[in-house]
Amino acid sequence: MIKIDYNLTSYEDFFRHIAKCLKLKISENVITLTPDKGTGYIKYVNLMNGLQLLMYNYTTVQDIIYHRKQSEKDFYVLRLDDFTGVDGVSKSSLFFGNTTQEWFYMASANTYLRQINVIFSKKWLEDYFSDEETGEILNSYVSLKTPFVVYELMDAEYKRLMNEAIQTQIDRQFEPMVLQNRTALILERFFSRVYKGIENENSTIKISSRELRSIKQVETELLKDFSQQPPAIAQLARIAAMSPSKLKILFKEVFGLPVNQYYQRHRMNKAKAMLLSKKYSVREASNELGFSSVSSFNKAFYKIFDELPAEIAVSLK
């Protein structure tokens, strides 16, 4: 298994980091896999409008874990992902997340993977929405919701756009124009669907900028130290300078989960990251995260991931 750790927000730098980790050469912004690594390629593209793309079209002979660590730089990533396993079953998904969060992606051995990744800054997104009638609503919604990951199945239209973008590597005709156009259409489709979701839910968040700063401050305090019990609601309410009942309502409105559930989800994400790093045993992770016993750690982990910590540890051996 190959593990690639990074917190880069430049895909050009990340692309070179991948080449170094895989011990492969770059030629014309393309990494071509050698037979000992697999077949296919990874391609970096710098589009004219300031967007950066990473395109994967490969089958590897080893599992590769991509581990994005938290970054202080506020960038967004949109990923279209299509893979076919050794059983011939294909799965496609869309992912949207923020680089200030930690996440993992596993490219399994002998699995044919096709993927398009788009990265853009918060400033780029604000400019993108600036001339849109619904831009202010969308920008507020995205900035509030990005502590969560958007993960959904990819529909036929996304697949068509993805296929046409990847096809340019084969015929190369009008490649820059096609990639620019298809990427813009993918972004347009994604954010249009986000806006429709807001309309359908009738859930435009009504919260003042001062209240939002207070809720963000509460989140920081809540996730500061997983080795200790989380602060009580009353203590968090004092930090936010609002009543406990109002804090609970606004916190769920902003982050989509009650305070304790939000804390536990991030605590378990930290646990999974520790196990995947192979630096911690199940017991060590349990102790580090303040659980009274391995049994209680197992129950909490299984509730979030539908598998036991030991199953993660065994799969990495």
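Hi everyone, let's start in strand β9, which covers residues 103-107 and is where M106 lies. Before we go on, please keep in mind that this is a predicted model.

So, is M106 buried, partly exposed or exposed? Its relative accessibility is 37%, and M106 therefore counts as partly exposed, since that label sits between the buried limit of under 20% and the exposed limit of over 50%. Which residues does M106 touch, once we set aside its neighbours within four places in sequence? Those contacts are D63, I64 and I65. While we are in this part of the chain, have a look at T60 too: 46 residues separate T60 from M106 in sequence, and their C-alpha atoms are 11 Å apart in space.

Next stop, strand β10. This strand takes in residues 112-121, and N117 is one of them. Here the relative accessible area is 7%, so N117 is buried. Its side chain has a partner as well: a polar contact of 2.8 Å links N117 with the side chain of Q115. Again skipping neighbours within four places in sequence, N117 is in contact with Y11, with Q52, L53, L54 and Y56, and with L78 and R79.

Finally, let's turn to helix α2, residues 122-129. Which residues of this helix are buried? They are W124, L125 and F129. If you look down the axis of α2, these buried residues fall within an arc of 130°, so they line one face of the helix.

Note on methods:
Residues numbered from 1 in each chain as written. Predicted model: local features only at pLDDT ≥ 70, side-chain atom pairs only at ≥ 80, totals over all residues. Heavy atoms only, no water. Helix = DSSP H or I, 4+ residues; strand = E, 2+ residues; numbered from the N terminus. Buried < 20%, exposed > 50% of the residue type's maximum accessible area, 1.4 Å probe, protein only. Polar contact = N/O pair within 3.5 Å; in protein donor to acceptor, adjacent residues only side chain to side chain. Contact = heavy atoms within 4.5 Å. Arc of directions from axis to C-beta.
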